[in-house]
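Try each one yourself before you read the solution.

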Amino acid sequence: MIDILKRIKRRDPGEKEFYQAVQEVMETVKPVLDRHPEYRQDAALERLTEPERIIMFRVPWADDQGNIHVNRGFRVEMNSAIGPFKGGLRFHPSVNLSILKFLAFEQVFKNALTTLSMGGAKGGSDFDPKGKSDKEVMRFCQNFMTELSRHIGPSSDIPEGDIGVGTREIGFLFGMYKKVRNEFTGVLTGKGLGWGGSLIRPEATGYGNVYFASEMLSTINETLEGKTCLISGSGNVALHTAEKIIELGGKVLTMSDSSGYIYDEEGIDRGKLDFIKRLKNIRRGRIKEYIDKYSEALYTETESLLDYNPIWAQRADCAFPCATQNEINEKDASNLVNNGVRLVSEGAEMPCRLEAIHVFLDRKILYAPGKASNAGGVAVSGLEMAQNSMRLNWTREEVDNRLKMIMKSIHQTCLDAAAEFGESGNYMAGANIAGFVKVVNAMLDQGIV
Ligand code: NDP
């Protein structure tokens with residue numbers, strides 16, 4: 001297995017996020033390979049770590065002053081063994097091939113856990129929507145989709161949102177797809193409610209994260225009621241994680257953006273959360289503005305702090321990293337555990353470095369990897385695809401109940417797979433093993449393709 005990592009490093013130099021994601025999986029699937037020699041014979045790992053297809057393209061667009069900019073667009077189609085490619089689009093200046101390959105690789109396992117038939121993909125651009133006018137974002141999305149539309153379709157590859165891609169961007173992308181292909185299909189998920197979207201899709205990743213955390217707590221006969229919680233981020237996932245925690249009686253102490261974080265000792269209640277929602281989704285403001293309205297709270301800038309992130313040094317019972325990859329390092333992990341945190345449930349993709357995960361596993365706290373705990377978003381995207389195919393709309397309760405059932409099932413699948421391979425209670429091992437076995441078995445059934 002070390003040879004596989006060496007081979008990847010030789011062929012794809014500099015893709016550190018991708019190596020990290022592959023290494024995390026490799027650390028946990030060795031007992032599976034030992035029990036199934038056919039997986040090694042058929043080069044399952046080699047095939048799983050090589051994308052089926054990568055598309056890279058130029059996206060030129062004009063700003064409001066008529067200046068021309070050139071960004072780069074990507075789609076990494078990682079694996080379609082169990083269903084059509086499915087995964088988000090990310091618009092952020094940090095986007096590059098390494099980040100998208102790690103995200104697409106994670107997506108393969110996550111989608112396999114949802115119980116729905118979806119392969120894994122990820123895409124996006126180094127375009128930064130922050131500070132751009134609606135018209136500039138629209139022009140960018142239209143040019144991006146003009147090229148992407150040649151490679152996707154409702155039965156082949158169905159993108160959705162991620163960092164920097166919300167309902168506004170999905171609308172612009174969908175409008176252009178419809179125009180150039182002359183078809184109204186469920187080619188994107190996360191659509192607006194009036195034009196094919198599903199109820200609960202915006203809430204699904206955050207709600208699912210909290211449903212998963214509740215399942216973990218139930219294994220030690222506890223609930224979220226009265227628990228203090230740290231949340232990072234103030235985007236889609238963070239906002240809906242906070243909303244569900246508040247509904248279940250937990251107390252949210254922190255939220256953040258890429259400039260800093262707020263700490264509210266009295267707790268961010270429903271009314272305060274509504275203020276943050278308006279601030280972020282309508283005014284597109286900064287989290288710092290929270291203290292202008294709620295002066296009892298504290299604001300700390302985090303931009304220049306590389307060594308550790310002070311948000312993770314606060315005393316609390318639970319932590320929900322919901323911003324971005326690698327936001328918790330080893331020192332942050334030790335701070336969390338030393339300050340009383342007994343549960344970490346990842347809303348973001350790979351927010352914890354490998355060394356941080358080892359701290360959680362060594363100290364035996366409840367730790368949920370994102371590929372399990374944040375799978376609710378793509379699961380409800382799968383439900384949106386089902387509704388689009390049937391041309392039906394399910395009620396809010398119906399979608400929410402299905403989401404709850406899916407998160408419960410993912411939780412049980414992780415526990416069972418971990419126990420079967422001698423790793424009881426290790427959700428990371430369980431998620432990796434269960435996803436791996438499902439996808440690899442399908443690949444083997446379908447021959448060397
Ligand atoms: P949003 O763009 O809605 O929000 C992202 C939040 O994280 C913002 O508050 C942003 O701050 C902050 N953030 C982003 N990058 C950084 C950084 N480098 N340092 C500090 N803060 C940062 O994205 P989502 O909420 O949709 O996604 C958040 C995470 O959840 C991502 O890892 C994504 O892959 C994952 N995820 C999302 C799903 C979904 O359904 N949306 C599904 C599954 C996983 P700022 O505004 O200042 O940039």
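**Exercise 1.** Find the place of Thr 115, then work out whether Thr 115 is buried, partly exposed or exposed.

*Solution.* Keep in mind that this is a predicted model. Start with the chain: Thr 115 sits in the loop that runs between α5 (97–113) and β4 (120–125). Next, look at the backbone: phi is positive here, about 75 degrees, although Thr 115 is not a glycine. Last, check the surface. Thr 115 has a relative accessible area of 48%, and buried needs under 20% while exposed needs over 50%. So Thr 115 counts as partly exposed.

**Exercise 2.** Now do it for Met 350: which loop holds it, and is it buried or exposed?

*Solution.* The loop with Met 350 lies between β11 (343–345) and α13 (354–362). Met 350 isn't a glycine either, yet its phi is positive, about 45 degrees. For the surface step, the relative accessible area of Met 350 is 3%. The cut-off for buried is under 20%, so Met 350 is buried.

**Exercise 3.** How many aromatic pairs does the structure hold, and what is the geometry of the one formed by Trp 61 and Phe 127?

*Solution.* The structure has 19 aromatic pairs. In the pair of Trp 61 and Phe 127, the ring centres are 5.2 Å apart and the planes make an angle of 90 degrees. Planes over 60 degrees apart count as edge-to-face, so that's the label for Trp 61 and Phe 127. Now trace the chain: Trp 61 belongs to strand β1 (residues 53–62) and Phe 127 to the loop between β4 and α6 (134–148), so the pair ties together parts 66 residues apart in sequence. Trp 61 and Phe 127 are both buried.

**Exercise 4.** Which parts of the chain does the pair of Phe 212 and Tyr 427 tie together?

*Solution.* First the geometry: Phe 212 and Tyr 427 are edge-to-face, 5.7 Å centre to centre, with 70 degrees between the planes. Then the elements: Phe 212 is in helix α8 (residues 201–218) and Tyr 427 in helix α17 (residues 427–445), so this pair links parts that are 215 residues apart in sequence. Phe 212 and Tyr 427 are both buried.

**Exercise 5.** Where do Lys 244 and Arg 402 lie relative to aromatic rings?

*Solution.* Lys 244 is over the face of Tyr 207, at 4.3 Å from the ring centre. As for Arg 402, its charged end sits over the ring of Trp 394, 4.1 Å from the centre.

Methods: Residues are numbered from 1 along each chain as its sequence is written. This is a predicted model: local features need pLDDT of at least 70, side-chain atom pairs count only at pLDDT 80 or more; totals for chains, interfaces and linings use all residues. Side-chain values use heavy atoms; hydrogens and water are left out. Helices (H or I, at least four residues) and strands (E, at least two) are DSSP runs, numbered from the N terminus. Buried means under 20% relative accessible area, exposed over 50%, partly exposed in between (1.4 Å probe, protein chains only). Rings of Phe, Tyr and Trp (its six-membered ring) pair if their centres lie within 6.5 Å; planes under 30 degrees apart count as stacked, over 60 as edge-to-face and the rest as tilted. A charge sits over a ring if NZ of Lys or CZ of Arg is within 6 Å of the ring centre and within 35 degrees of the ring normal.
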